[in-house]
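Please look over the sequence and the model below before reading on. The briefing that follows takes up the ligand surroundings, one set of strands and the domain layout.

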Amino acid sequence: MNIGFIGTGKIASSVIIGISKSKISFRKIYISPRNRKIAKDLKRKLDKIIIAKNNQQIIDKCKWIFLSITPQVGNKIIKHLRFKPNQTIVSFISTITLSELKKAVKVKAKIVRAIPLPPISLKKGPVPICPPNKEVKSFFDKIGSTIEIKNEKLSKNFWSTSGMMASYYELIKVMSNWLVKKGIKRQDAQKYITSLFLALSEDAVVNSKKDLKFLVKESQTPKGLNEQGLKEMSKKGVYKSVVKTLNSIYKRLNN
Ligand SMILES: NC(=O)c1ccc[n+]([C@@H]2O[C@H](COP(=O)([O-])OP(=O)(O)OC[C@H]3O[C@@H](n4cnc5c(N)ncnc54)[C@H](OP(=O)(O)O)[C@@H]3O)[C@@H](O)[C@H]2O)c1
């Protein structure tokens, strides 16, 4: 089967790189000529990539189509494309709802919304999908961890938390810069901080069936450095501000 991507930007290229490292079976991947540079890079790096002449050609050639354009572009172009009822359409678009997609697509194709994130290029990370769909789940389980959501409104909560990736990277950047200012070589500083947070995240994943509050507790010794770090950050309102920020991202998604 051929699969196609309408919009060849950050998230499409991450998913395509993930697919190229996976056991997903497909014949060809058709991609949009836009973005031209990313499309050319993907074609140069990977076999089985075809840069389509236009968006309609992708739909005519593929059974599965991934919509990886921004909401503004989606609102403009989807209604002019001619889909087929036997197609599966997976939309990565943040703010176009299932009912809006159904209206724009017109035919009775399968439509699923999904939220992959850039680490999918490493075959890692969560992929919430809505509504639940066996084939789409099995597809994303080969390049990440699928979470099926029944209620579309609930997916907005996941979108909100996915808006915290840059602030997470900012935190590890600030910590690395602090080490550099103390005289540590940048390479060593970044190696230390990224390995530390990778190890902590792996530990959290292994323990993710337990309440995370146990990890918070277990990582502190009474009167130790971590107890001090947590107390000071809490007193300064850092964690309250995380919740406030999530609420305000959520609010924006509901406007
Ligand atoms: N980035 C993420 O982490 C992430 C995660 C999950 C979901 N999403 C969602 O995925 C969608 C794409 O996000 P992104 O970060 O990948 O954005 P992006 O990097 O800006 O990619 C959008 C792509 O659409 C192309 N495009 C513009 N007009 C087009 C048209 N008429 N036909 C075909 N392609 C066209 C752009 O090409 P030009 O550069 O030539 O304009 C660009 O390559 C968004 O709705 C976003 O909310 C993103």
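Which of the 24 residues around the ligand come nearest? They are Gly7, Gly9, Arg34, Asn35 and Ser94, where a residue is near a molecule if its C-beta atom, placed from the backbone, lies within 6 Å of it. This is a predicted model, in which local features need pLDDT of at least 70, side-chain atom pairs count only at pLDDT 80 or more, and totals for chains, interfaces and linings use all residues. Residues are numbered from 1 along each chain as its sequence is written.

**Ligand shell**
- By class, the shell around the ligand holds 13 nonpolar, nine polar and two charged residues, with Asp, Glu, Lys and Arg counted as charged, Ala, Val, Leu, Ile, Met, Phe, Trp, Tyr, Cys and Pro as nonpolar, and the others, Gly among them, as polar.

- Strand β7 (residues 126-130) is mostly covered, with four of its five residues buried, that is, with 20 or more other C-beta atoms within 10 Å of their own, C-beta atoms being placed from the backbone.
- Strands, which are DSSP runs of E with at least two residues, numbered from the N terminus, pair if DSSP finds at least two bridges between them.
- Strand β6 (residues 110-114) runs antiparallel to β7 and is joined to it by two bridges, and Arg113 stands opposite Cys130 in β7.
- Strand β8 (residues 145-148) pairs with β7 in the parallel sense over four bridges, and Ser145 in β8 is the bridge partner of Pro126.

**Domains**
- The protein chain is divided into domain 1 (3-150) and domain 2 (165-253), with bounds that come from an automatic or database domain assignment.
- The C-alpha centres of domain 1 and domain 2 lie 32 Å apart.

Notes:
Buried ≥ 20, exposed ≤ 12 C-beta atoms within 10 Å, placed from the backbone.
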